[in-house]
Amino acid sequence: MPSLQIPNACKRILTTKARLIVLIGGRSSAKSETLARILIMKAQTEQADILCGREFQASIDESVHKLIVGLIDKLGIEGADARDKKIDFEGGGSFRYKGFARNSSAVKSAQDFKYSWVEEAQDLSEDSIEDLLPTIRAKDSKLLFSANPQSSNDPFSKRFIVPFKNSLDKLGFYEDDMHLVIMMNW
């Protein structure tokens, strides 16, 4: 397996005890590729099952599937079976995809996922946030979010940015026992 290359600001993701990990920033800030690289590694080394979601996802084309498959190819990772709607790794570990908007409570059936990654998390509804947080509950599970926030009044920003704004402005990150929020060029 190739060495993991991620921005220095994100290295604390690998050691944090926080369960909720949030990367916020503008376009081209490396949020998505960073999380994809980390989660590919987790699928391989921990045989972890990973749920990738977003609020609005009418098809797999609107997911991070293409990004993940592209990185697997670019990094020369062997043992990955990338199909049209899922990725399975030899020996265990997988990626699956789900949209939340049409039925946010459907995520409640997503059992046994060790990691969840929500892309475009700034679009999450209050219902989706409330349904997702208790659903991913495997031992040592983590929920990861990448977002390009637009308003401090949306449910995502109220939950994951506004309470930590002082630290984010001062240090570029916030960390406690439950949260790790990292600001990426935003």
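**View 1. Overall surface and make-up of the predicted model.** The protein exposes about 9,400 Å², of which carbon and sulfur atoms supply 46%. The model shown here, and in the views that follow, is a predicted one. Of the 186 residues of the protein, 48% count as buried. The secondary structure comes to five helices and nine strands, and these elements follow the pattern β-α-β-α-β-β-β-β-α-β-α-α-β-β when they are read along the sequence. Among contacts between residues at least 6 apart in sequence, 71% join residues that are at least 24 apart.

**View 2. The open sheet of nine strands.** The strands of this sheet stand in the order β3-β4-β5-β2-β6-β7-β1-β9-β8, and their pairing is mixed. At the edges are β3 (80-82) and β8 (173-175), each of which has a single partner strand, so one side of each is left without a neighbour in the sheet. From one strand to the next, the twist averages 15°.

**View 3. The pairing of β4 with β5.** Strand β4, residues 87-89, and strand β5, residues 94-99, run antiparallel and are joined by two bridges. Within this pairing, Ile87 has Phe95 in β5 as its bridge partner.

**View 4. Strand β6 between β2 and β7.** Four bridges join β2 to β6, and these two strands run parallel; β6 and β7 likewise run parallel and are joined by four bridges. Ser116 of β6 is the bridge partner of Leu51, and Ser116 also stands opposite Leu143 in β7. In a regular strand, the side chains alternate between the two faces of the sheet. Both faces of β6 are covered, with Tyr115 and Trp117 on one side and Ser116 and Val118 on the other, and these four residues are all buried.

**View 5. Helices α1 and α2 across the sheet.** Helix α1, residues 31-45, lies across β1 (20-25), β2 (49-54), β4, β5, β6 (115-118), β7 (142-147) and β9 (179-184), and its direction is at about 160° to β7. Helix α2, residues 65-74, lies across β2, β3, β4, β5 and β6, and runs at about 35° to β4.

**View 6. The crossing of α1 and α2.** Two packed helices are described by the angle between their axes and the distance between the axes. Here the axes of α1 and α2 come within 10 Å and cross at roughly 65°. Because angles of 65 to 115 degrees count as roughly perpendicular, α1 is described as roughly perpendicular to α2. The crossing in which α1 passes α2 is right-handed. On the α1 side, the residues that take part are Ser32, Glu33, Ala36, Arg37 and Ile40, and they meet Leu67, Ile68, Leu71, Ile72 and Lys74 in α2.

View 7. The C-alpha atoms of Gly53 and Gly99 are separated by 5.5 Å, although the two residues are 46 residues apart along the chain. When its neighbours within four places in sequence are left aside, Gly53 is in contact with Lys98, Phe100, Trp117, Val118 and Glu119.

Technical notes
Residues numbered from 1 in each chain as written. Predicted model: local features only at pLDDT ≥ 70, side-chain atom pairs only at ≥ 80, totals over all residues. Heavy atoms only, no water. Buried < 20%, exposed > 50% of the residue type's maximum accessible area, 1.4 Å probe, protein only. Contact = heavy atoms within 4.5 Å. Areas by Shrake-Rupley, 256 points an atom, 1.4 Å probe, with all protein chains shown as cover. Pairing = 2+ DSSP bridges. Axes fitted to C-alpha atoms, helices over the stretch in contact; angles between N-to-C directions. Parallel < 35°, antiparallel > 145°, perpendicular 65-115°, else oblique. Left-handed = near helix turned anticlockwise from the far one by under 90°.
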